[in-house]
Amino acid sequence: MSRVLEVIGLTGGYGPIQILNGIDLHVEEGEFITIIGPNGCGKSTFIKVIFGIADRYEGLISYRGEDISTWRPDQLVNNGIAYVPQVDNIFPSLTVRENLQMGGIQLTSKILAERITEALDMFGDLKFRMNDLGASLSGGERQMLAISRALISNPSFLLLDEPTAALSPKYQTEIINSIAALKGKGLTILIIEQNARLSLSKSDRGYIFVGGEVAYVANADQLLNSTDIGAYFLGAKS
Ligand SMILES: Nc1ncnc2c1ncn2[C@@H]1O[C@H](COP(=O)(O)OP(=O)(O)OP(=O)(O)O)[C@@H](O)[C@H]1O
Ligand SMILES: [Mg+2]
């Protein structure tokens, strides 16, 4: 197994406001890893620090054996990492087609067209919305567009921040199934999810963050079946 991401002793935040208090986390090639934890515990901040858009104070961030702790987002994208943020992840004033094109402005038009076709294979409904504005999409369609756009750069490692938040159960399942299908195609997945049971059901391992630290890490089935941890962090079994 080769290690895609290795994070050791990561502290960080926003300017002087420290949010992360020493995170250790790793992701192996081909893994599907879910991060869960209470609101405000630093999950989004963690991904933002990795992606170079929040401040790292100390600690190692290594990607495929290389220290990426000072890399810019465009360098990360060019090296196979894509990130779907929790909010503001599409351009509402652009059409669906234009949103997708924005995901590959560095590509030739031929390759861009191929990548768009490939990305749309996952979410067929978007094909019928190509000329509609992003603003006109439903919450679920927006998430599908955001994920599709992230795929245009042909990533091997996908970071997703709560792609099912505020969606209907049908959309939640469709989106998590689609992300699991990407793992089936060889992508490595690191996802923050509020629907912990749904995401863990497709995951290899899960991390529970509390107060800017890793409170617990285990195989996903252990987390799903552990009565005390499961009941506390995942809510009552439905
Ligand atoms: N740009 C910012 N500047 C200062 N503080 C911020 C900023 N963004 C977030 N925070 C603070 O950082 C803390 C952690 O926020 P973060 O968004 O990482 O939490 P989270 O675990 O993703 O929560 P949620 O489950 O609600 O998405 C919160 O107290 C939040 O108010
Ligand atoms: Mg968040």
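Visitor: What lies over the face of Tyr171?
Guide: Lys170 does, at 4.7 Å from the ring centre. A charge counts as over a ring if NZ of Lys or CZ of Arg is within 6 Å of the ring centre and within 35 degrees of the ring normal.

Visitor: And what are these values based on?
Guide: This is a predicted model; local features need pLDDT of at least 70, side-chain atom pairs count only at pLDDT 80 or more, and totals for chains, interfaces and linings use all residues. Residues are numbered from 1 along each chain as its sequence is written, chains are lettered from A and ligands numbered from 1 in the order in which they are written, and side-chain values use heavy atoms, with hydrogens and water left out.

Visitor: How many aromatic pairs are there?
Guide: Three. Rings of Phe, Tyr and Trp (its six-membered ring) pair if their centres lie within 6.5 Å; planes under 30 degrees apart are stacked, over 60 edge-to-face, the rest tilted.

Visitor: Why is the pair of Phe51 and Tyr83 called tilted?
Guide: Because their planes stand at 45 degrees; the centres are 4.9 Å apart. Phe51 is in the loop between H1 and S4 and Tyr83 in strand S6, so the pair ties together parts 32 residues apart in sequence. Helices (H or I, at least four residues) and strands (E, at least two) are DSSP runs, numbered from the N terminus.

Visitor: Are those two buried or exposed?
Guide: Phe51 and Tyr83 are both buried. Buried means under 20% relative accessible area, exposed over 50%, partly exposed in between (1.4 Å probe, protein chains only).

Visitor: OK, the metal. Which residues coordinate the magnesium ion?
Guide: Ser44 (OG) and Gln86 (OE1) coordinate ligand 2, at 2.0 to 2.2 Å. Ser44 is in helix H1 (residues 43-50), and Gln86 is in the loop between strand S6 (81-84) and helix H3 (96-102), 42 residues apart. Donors are N, O and S atoms within 2.8 Å of the metal (3.2 Å for Na, K and Ca); water is not among the atoms, so sites may look incomplete.

Visitor: How accessible is Gln86?
Guide: Gln86 is partly exposed, at 32% relative accessibility. Ser44 is buried, at 15%.

Visitor: Now the sheet. What is the strand order?
Guide: S2-S1-S4-S5, an open sheet with antiparallel pairing. Two strands pair if DSSP finds at least two bridges between them. S2 (17-28) and S5 (66-67) stand at the edges, each with a single partner strand, so one side of each lacks a neighbour in the sheet.

Visitor: How many bridges join S1 to S2?
Guide: Nine. Val7 stands opposite Leu25 in S2.
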